[in-house]
Amino acid sequence: MDDAHDKDRYLVRAQALWTPTDDVSLRVIADTSQNDESCCTQVGIKPNTNGTPTNGVPSFDADDFTSFGDERGDNSDQYGLSAELIVETDIGTLTWIPAYRKSESETWGDNDWTSADMYFIPEETPNESNIESMTQEIRLQGSAFDEKVDWLVGFYYSEEEITETSNYHTGPDNWQSMPWTVVAPPPAPGQPPVYLPSGPSPELWANNSFYQDGETLGIFTPNIISLTDNLNLTVGLRYTEEEKEGGLKDSDGFNPNCASLGPALLLPNIACNAIYTPASLSPNYDLYKDKFEDEALTYTLNLQYHLSDDISVYG
């Protein structure tokens with residue numbers, strides 16, 4: 001475990017400003033970051049709750065401490081790019097802000113936090129997470145009626161895609177915690193039955209995929225009307241439309257226990273745990289899928305009165 005708790009990361013950010021004319025400016029911002037670490041491995045002296053000896057070396061000397069399991073890996077890469085274009089026109093100031101960002105990460109290693117080899121995520125098929133998003137915003141703003149009205153109209157749009165894969169495997173010590181397949185009669189009337197481990201089982205595994213796609217559109221117009229030198233009226237409208245779709249899909253897996261237990265199993269949620277694929281179901285079936293759509297029209301209406309240069313009231 002010499003590489004446990006190491007830190008290996010960097011972040012780079014840069015921006016550039018270009019002003020070809022007095023009426024046009026363009027600012028571009030880019031950033032990227034990466035980490036390749038092994039974090040975190042629990043260390044200490046602790047017995048396992050199932051009664052098996054899982055503690056490390058029985059000494060409080062820091063040199064004698066051992067880890068509760070194998071090391072873990074945490075790797076991530078992300079980068080983003082955004083810009084701001086400002087153009088002064090005869091109508092008003094036109095602003096365009098596009099942005100893009102992508103993030104990828106993966107984790108692997110011991111997943112039961114004990115020295116018993118019960119659950120782990122293989123380094124060859126780690127848990128993966130990917131997030132990709134894009135946004136666009138366009139605004140046009142100016143003034144009218146001898147600067148008595150400050151107006152603005154804008155448009156906003158965004159897309160986001162999220163995918164995540166979880167890959168769990170059981171180790172040779174998994175039978176000590178689950179599945180519990182041998183059922184003994186209740187020790188006394190009214191008491192629950194006794195569940196005993198069935199003994200070592202083959203390596204079980206499941207690869208589940210999650211996904212979510214989102215899309216948002218917005219149109220907005222906040223405006224300020226100067227009724228007097230000290231009294232302003234703000235009137236604004238915004239229309240928003242949003243749509244999201246996501247679900248959980250089981251890609252592949254292996255668990256012969258679910259098929260062999262049959263209808264006599266009293267607690268199927270223990271032996272056929274949700275993270276393991278039931279053998280009776282084919283790969284690539286949807287465990288959960290849903291779609292959400294919504295739209296709303298909201299408004300803003302308020303008065304603001306300036307009592308002085310430093311004090312104002314509104315409602």
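User: Let me start with a single residue. Is Gly-214 buried or exposed?
Analyst: One point before that: this is a predicted model. Burial is judged from relative accessible area, and buried means under 20%. Gly-214 has 17% relative accessibility, so Gly-214 counts as buried. Gly-214 sits in strand E10.

User: Which residues is Gly-214 in contact with, leaving aside its neighbours within four places in sequence?
Analyst: The contacts of Gly-214 are Ser-158, Glu-159, Glu-160, Glu-243 and Lys-244. Look at Glu-159 in that list. Gly-214 and Glu-159 are 55 residues apart in sequence, yet their C-alpha atoms are 5.7 Å apart in space.

User: How does the chain as a whole look, in helices and strands?
Analyst: The chain has two helices and 13 strands. Of the contacts with a separation of 6 or more, 69% are between residues 24 or more positions apart.

User: What percentage of the residues in the chain are buried?
Analyst: Buried residues are 27% of the 315 in the chain. The accessible surface is about 19,500 Å², and carbon and sulfur atoms hold 56% of that surface.

User: Which residues make the nonpolar surface patch?
Analyst: Leu-94, Trp-96, Ile-138, Phe-155 and Ile-219 make a patch of about 410 Å². Take Phe-155 as the example. Phe-155 is in strand E7, which spans residues 149–170. At 31% relative accessibility, Phe-155 counts as partly exposed.

User: What does the side chain of Asn-223 reach?
Analyst: The side chain of Asn-223 reaches a backbone atom, the nitrogen of Leu-152, at 3.2 Å. Asn-223 is in strand E10, residues 205–226. Asn-223 has a relative accessible area of 18%, so it is buried. With neighbours within four places left aside, Asn-223 is in contact with Asp-150, Trp-151, Leu-152, Leu-233, Thr-234 and Val-235.

User: Now the charged pairs. How many salt bridges does the structure hold?
Analyst: First the general idea. Side chains of opposite charge can pair when their charged atoms come close. The structure holds six salt bridges. One of them joins the side chains of Arg-101 and Asp-31, with N and O 2.7 Å apart. This pair links distant parts of the chain: Arg-101 in strand E4 (residues 93–110) and Asp-31 in strand E2 (residues 24–37), 70 residues apart. Arg-101 is partly exposed, with a relative accessible area of 31%. Asp-31 is buried, with a relative accessible area of 16%.

User: With which residue does Arg-139 form a salt bridge?
Analyst: The partner of Arg-139 is Glu-137, and the closest N and O atoms are 2.9 Å apart. Glu-137 counts as partly exposed at 21% relative accessibility.

User: What about Lys-291 and Glu-243: how do their side chains meet?
Analyst: They meet in a salt bridge, 3.8 Å from N to O. Lys-291 is in strand E12 (residues 285–306) and Glu-243 is in strand E11 (residues 231–254), so the pair ties together parts that are 48 residues apart in sequence. Lys-291 is partly exposed at 46% relative accessible area. Glu-243 is partly exposed too, at 31%. Salt bridges with shared partners join Glu-243, Lys-291 and Glu-293 into one network.

User: Last, backbone angles. What is the phi of Asp-146?
Analyst: Phi of Asp-146 is near 55°, a positive value in a residue other than glycine. Asp-146 is in the loop between strand E6 (127–144) and E7. Asp-146 counts as exposed, at 77% relative accessibility.

User: And where does Glu-147 lie?
Analyst: Glu-147 lies in the loop between E6 and E7. Glu-147 is not a glycine, but its phi is positive, about 65°. Glu-147 is exposed, with a relative accessible area of 59%.

Conventions. Residues numbered from 1 in each chain as written. Predicted model: local features only at pLDDT ≥ 70, side-chain atom pairs only at ≥ 80, totals over all residues. Heavy atoms only, no water. Helix = DSSP H or I, 4+ residues; strand = E, 2+ residues; numbered from the N terminus. Buried < 20%, exposed > 50% of the residue type's maximum accessible area, 1.4 Å probe, protein only. Polar contact = N/O pair within 3.5 Å; in protein donor to acceptor, adjacent residues only side chain to side chain. Contact = heavy atoms within 4.5 Å. Areas by Shrake-Rupley, 256 points an atom, 1.4 Å probe, with all protein chains shown as cover. Patch = residues over 30% accessible without salt bridge, like charges linked within 9 Å, V, L, I, M, F, W, Y side chains within 5 Å. Salt bridge = Lys/Arg side-chain N within 4 Å of Asp/Glu carboxyl O.
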